[in-house]
Amino acid sequence: MRRTMTPPDGHLPALQPADGPWSIYVHVPFCASRCGYCDFNTYVLSAMGDDAVSGYLAAAHREMDRAAQVLGQRPAVSTIFFGGGTPTMLTADQLGELVDHVRTVWGINDDAEITTEANPETLDEDVLSGLLEAGINRLSMGMQSSDEHVLTILDRRHRPGRAVEMAQLARRVGFDDVSLDLIFGTPGEDLDSWRRSLDAALTAEPDHVSAYSLIVEEGTRLAARIRRGDVPMTDEDDLADKYLIAEKTLTEAGYVNYEVSNWGRPRNGRDHRCRHNMAYWLGHDWWGIGPGAHSHVNGTRWWNVKHPATYRSRLADGRLPVEDHEVLDAQQRHEETVLLRLRLADGLALSQLTPVERHRAEQIAEQGLGAFEDDCLVLNLSGRMVADRIITDLLM
Ligand SMILES: C[S@@+](CC[C@H](N)C(=O)[O-])C[C@H]1O[C@@H](n2cnc3c(N)ncnc32)[C@H](O)[C@@H]1O
Ligand code: SF4
């Protein structure tokens with residue numbers, strides 16, 4: 001990897017975008033309050049000053065203009081993803097203006113997937129209708145759990161039931177693509193509580209479910225509480241049991257796992273995989289707009305300055321808000337391909353592997369952790385549960 005300091009003007013090395021689809025990520029760095037387990041780049045909006053949103057929006061629009069100058073001619077965008085933070089701290093109109101700006105600058109494919117993440121407590125019928133009118137056609141809601149006790153430990157503001165209600169309302173309002181995020185392994189969550197959360201999520205008949213095991217991030221309030229002994233540490237065996245419960249419950253309900261933590265429901269001729277996340281995992285190009293956003297163009301990666309005030313001032317001065325960048329060498333690109341594709345149900349093409357790695361892939365299959373399908377190594381359920389170890393073994 002060549003990691004060279006990015007000069008203060010945010011200048012990037014010459015980019016040569018890859019052929020094929022490309023995407024825009026927009027990071028919205030505001031939340032109503034901070035959840036104790038979360039270390040995403042986000043700030044409590046009420047503590048940010050009156051012009052926080054207007055300043056952010058002006059800067060985000062400017063970054064798109066600068067991106068267009070840097071990238072040159074590009075085809076229309078295939079997917080847009082508003083992530084956070086809580087994108088629905090912006091109004092639907094403000095999100096719509098960002099969508100419109102992408103359309104003006106690059107064009108948006110007719111069949112583009114345009115997702116926003118949303119917290120259930122920020123939604124109601126008017127907001128949902130406004131999001132649809134803004135051109136957003138996929139809603140990804142953070143439900144996390146249906147258990148009040150678990151939501152409290154996670155410091156979530158919404159009451160149990162709200163996410164399911166909003167998912168059902170989203171459907172009635174006209175959303176054809178609704179996803180729910182769940183977290184398992186929260187201290188104090190037992191197996192029955194996790195089963196109830198899955199069952200509750202399924203009552204909303206979402207098109208897509210993400211189930212992430214709780215990561216205790218250093219520096220968070222949750223990590224401090226665990227260190228003090230106030231709440232117990234997550235347990236590996238418990239996490240494994242809960243992953244198995246998720247797979248069984250979701251599969252029996254007709255969902256198909258397509259990435260270790262993600263399941264889609266085939267409906268109306270679509271498999272409802274998240275196309276934007278698939279673009280990351282397949283190594284396509286994307287530009288990340290917003291404070292702390294990461295981007296990738298054909299082996300060059302970069303990430304923006306994290307604080308919204310620095311982000312704004314960089315763009316106001318006509319500079320790119322890039323904090324730093326790296327150019328991946330051939331070995332790094334190879335490792336990334338292995339790491340990302342092995343987590344996908346479509347598997348890792350054997351043609352991508354060296355002879356030594358192919359031999360290791362055979363050993364993985366012999367250990368009963370995967371199989372060869374269409375000249376790809378595809379992990380089975382046992383393999384998915386130890387995917388990180390398998391990836392390390394394959395690349396060692
Ligand atoms: C960045 S959040 C944004 C969406 C929205 N603000 C919310 O919280 O629902 C996206 C998802 O990341 C997941 N997430 C955040 N922190 C996590 C952690 N420490 N461990 C596991 N999942 C986490 C949650 O499932 C969350 O729904
Ligand atoms: S989990 Fe979501 S709502 Fe909570 S602080 Fe993180 S981004 Fe904000």
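Colleague: Where does Ala76 lie?
Modeller: Ground rules first: this is a predicted model, in which local features need pLDDT of at least 70 and side-chain atom pairs count only at pLDDT 80 or more, while totals for chains, interfaces and linings use all residues. Residues are numbered from 1 along each chain as its sequence is written, chains are lettered from A and ligands numbered from 1 in the order in which they are written, and side-chain values use heavy atoms, with hydrogens and water left out. Helices (H or I, at least four residues) and strands (E, at least two) are DSSP runs, numbered from the N terminus. On that basis, Ala76 sits in the loop between H1 and strand S4 (77-84).

Colleague: Is Ala76 buried, exposed or partly exposed?
Modeller: Buried means under 20% relative accessible area and exposed means over 50%, with partly exposed in between (1.4 Å probe, protein chains only). Ala76 has a relative accessible area of 25%, so the label is partly exposed.

Colleague: Which residues does Ala76 touch, leaving out those up to four places away in sequence?
Modeller: Contact here means heavy atoms within 4.5 Å. With residues up to four places away in sequence not counted, Ala76 touches Trp22, Trp106, Gly107, Ile108 and Asn109.

Colleague: How far apart do the C-alpha centres of domain 1 and domain 2 lie?
Modeller: The bounds come from an automatic or database domain assignment, which divides the protein chain into domain 1 (22-279) and domain 2 (348-396). Between the C-alpha centres of domain 1 and domain 2 there are 30 Å.

Colleague: By class, what does the shell around ligand 2 have?
Modeller: A residue counts as near if one of its heavy atoms lies within 4 Å of the molecule. Around ligand 2 those residues include Cys31, Cys35, Cys38 and Arg156. Ala, Val, Leu, Ile, Met, Phe, Trp, Tyr, Cys and Pro count as nonpolar, Asp, Glu, Lys and Arg as charged, and the others, Gly among them, as polar. That gives the ligand 2 shell four nonpolar, four polar and two charged residues.
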